[in-house]
Amino acid sequence: MKLHEYQSKRIFAEYGVPIPDGDIATTPAEARAIAERIGKPVVIKSQVLVGGRGKAGGIKLAQTPAEAEEVAGGILGMDIKGLTVQKVLVDEAADIRAEIYLGAVLDRGARKVAIMASSEGGVEIEEVAAQTPEKIVTVHVHPLLGMQGYQARQLAFGIGLSKEYIPAFTRIAQSLYRAFFESDASLAEINPLIVNGDNQLEAVDGKILLDDSALPRQTELASMRDPDEDSATETEAREAGLSYIDLDGEIGCMVNGAGLAMATMDIIKLYGGNPANFLDIGGGAGADKVLAALRIILRDTRVKAVLINIFGGITRCDEVANGIVEAINSLNVKVPIVVRMVGVNEEEGRQILADSKLPSANRLSEAVQMAVAAAKGESK
Amino acid sequence: MSILVDNETRLLVQGITGSQGAFHAQQMIQYGTNVVAGAVPGRGGQWAVGNTPVFDTVHEAVNTTDANTSIIFVPAAFAVDALLEAADAGIKLIVCITENIPALDMACSRAYLDATDSILIGPNCPGLISPGSAKVGIMAGHIHTPGNVGIVSRSGTLTYEVIYALTARGIGQSTAVGIGGDPIKGLNFLDVLQMFEQDSGTEQVVLIGEIGGADEQVAADYISTEMRKPVIAFIAGQTAPPGRRMGHAGAIISGGEGTAAEKIEALQSAGVAIARHPEEIAELAALNV
């Protein structure tokens, strides 16, 4: 789950990281009031969960409260990469003397949290990694010990920070690590961490990604979810206990298991089709889940054919078949559905489906070719 | 021959009285696995799935039954506690089926486990099976057949698909290990490949990977430099979009890293035969028989 910039920065601030004075506005009048309270030039920043807000015109300066109102009016309601701006952050404009990158990320290879710093702040770290990797300094934190002072100093000296900033940087780096660890983050970034006009370090932009598996115990953070992060369909799927991702193709897929779902998408592509979605019904799905999954797939008007691929195990083929029959009876199905079902209770499943006369195959590659042909309006 | 589990396996089921634990304990017993005990706090002294004794603690279960392997079916909130208890009681092989364990909990647990003699498989995995001798997992036993192909995979049902195709072609398996789909886990591709390379009962190996991370590349390094047995691979997620987690917590292309293309390239240059779809693995394996 992604957090907005303002949410991320507030979390950093709770751990003692200095952030600019500012607040969130949903109307131009609120933006004006915040700017009046701050009493200095402000920056108006759209809060949408995509990168490239600046380039899209979603971040602008305002010298006066009146200008803040006008600028906020222009940004609120704007469309940035398909997302409508609902909120803006009104922050005191920073006097930037230097920009640093500071980030924490779970390093799966090292099985530790990696803390990275770079003197090249303000740009995407991936870009720095590609062009000047020597400008990134990394330390790995032992999960049972936490981040040590010497590790923060390694980063600070490593990026050539002059010594008057070392104590503040050390505190900020250790705060970032604690914020990361205690929030169950998979990524926490301050970019840029600036040296401001008063020679103080300050986090002017921030980003946190949370580990979805930890959300049940991070209830406060989980409640910060922006419903716009996912499409309405993805939210509906999540609530039904399905793992669904919208794609661009014409063949809707329903599969049990994430690996098999990805493989099914790949085979569709191999045989000349394009998957309309990733959909994993999970292990042990009953008829209800299957019905919910088919409802979601069939609502997508781009879908020209549906491929159901079930390898029964914990998931029983007869349960899935019941769900398919229920879907056919209750939904207005206009596209061909190809079923491939093997494993536990496959015979019972086939019996249940026999009356519906759905095209089916035992071999996966054969089923995929049937679905690709069906989507093109050919029967095979 | 096989790796990790066989006729010597004495299995403890943690969470044996839950619905998943009870069902799969029954299935494993039916397959012929030597299930010696269950552990559920507060249920000590009871019997589960027929005549399996249940103990309050893992220590007690180990002391009484000499269990050497454990499989964990407890909910995510208690799973880390369960696997640390197993390690502390001296269980040599711990298989954690539970999914949705927070990654930082796994980072802490691995750091602890690395200092013990215990080996972890999973979490969020289907377990492992040595066909004909022991099934320590949730896979359907009947699709497997004994033989000499070793399988190591990050996914569950996709592995069944491959095994189904192998068995249909009359190609049996030595051991199939599902290492799980989480970013931080126990055994990895590299560890299992090393075991297969040493195992006299394994003549070739199938590796089933997916997007995310760089474990397949690490495996490719080992295959090209150390491994003599032939390896066949399939990588799922060639059509997956970057930045979207594809079901498994570990299956995400982030910062342009972890794509199927880079994994396939690394494996190919290590001399691994790449299957374009799961059923093709059986055809490629038949060439080595």
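Analyst: Two strands count as a pair if DSSP finds at least two bridges between them. The model is predicted, and in it strand 3 (residues 42-46) of chain A is joined to strand 4 of chain A by 4 bridges in the antiparallel sense. Because the requirement is at least two bridges, the 4 bridges between strand 3 and strand 4 of chain A qualify them as a pair.

User: Which residue of strand 4 of chain A stands opposite Val42(A)?

Analyst: Opposite Val42(A) is Ala62(A), a residue of strand 4 of chain A.

User: What makes strand 2 and strand 4 of chain A stand at the edges?

Analyst: The sheet in chain A is open and consists of 4 strands in the order 2-7-3-4, with antiparallel pairing. Strand 2 (22-25) and strand 4 (59-62) of chain A each have a single partner strand, so one side of each has no neighbour in the sheet. From one strand to the next, the twist averages 20 degrees.

User: Why is helix 1 of chain A described as largely enclosed by the rest of the structure?

Analyst: A residue is called buried if 20 or more other C-beta atoms lie within 10 Å of its own. In helix 1 (residues 5-14) of chain A, 7 of the 10 residues are buried, so the helix is largely enclosed by the rest of the structure. Among them are Tyr6(A), Ile11(A) and Phe12(A), and also Glu5(A) and Lys9(A). Just after helix 1 of chain A comes Gly16(A), which takes a positive phi of about 95 degrees.

User: How many of the residues of chain A count as buried, as a percentage?

Analyst: Of the 380 residues of chain A, 49% count as buried. Chain A has 13 helices and 18 strands, and its C-alpha atoms fill a box of roughly 75 × 50 × 40 Å along the principal axes. Among contacts in chain A between residues at least 6 apart in sequence, 68% join residues at least 24 apart.

User: What makes up the contact between chain A and chain B, and which element of chain A gives the most to it?

Analyst: Residues are in contact if their C-beta atoms lie within 7 Å, and the contact takes 43 residues from chain A and 45 residues from chain B. On the side of chain A that touches chain B, helix 9 of chain A gives the most, with 11 residues. The residues of that side of chain A divide into 22 nonpolar, 11 polar and 10 charged.

Notes
Residues numbered from 1 in each chain as written. Chains lettered and ligands numbered in written order. Predicted model: local features only at pLDDT ≥ 70, side-chain atom pairs only at ≥ 80, totals over all residues. Contact = placed C-beta atoms within 7 Å. Helix = DSSP H or I, 4+ residues; strand = E, 2+ residues; numbered from the N terminus. Nonpolar A, V, L, I, M, F, W, Y, C, P; charged D, E, K, R; others polar. Axes fitted to C-alpha atoms, helices over the stretch in contact; angles between N-to-C directions. Buried ≥ 20, exposed ≤ 12 C-beta atoms within 10 Å, placed from the backbone.
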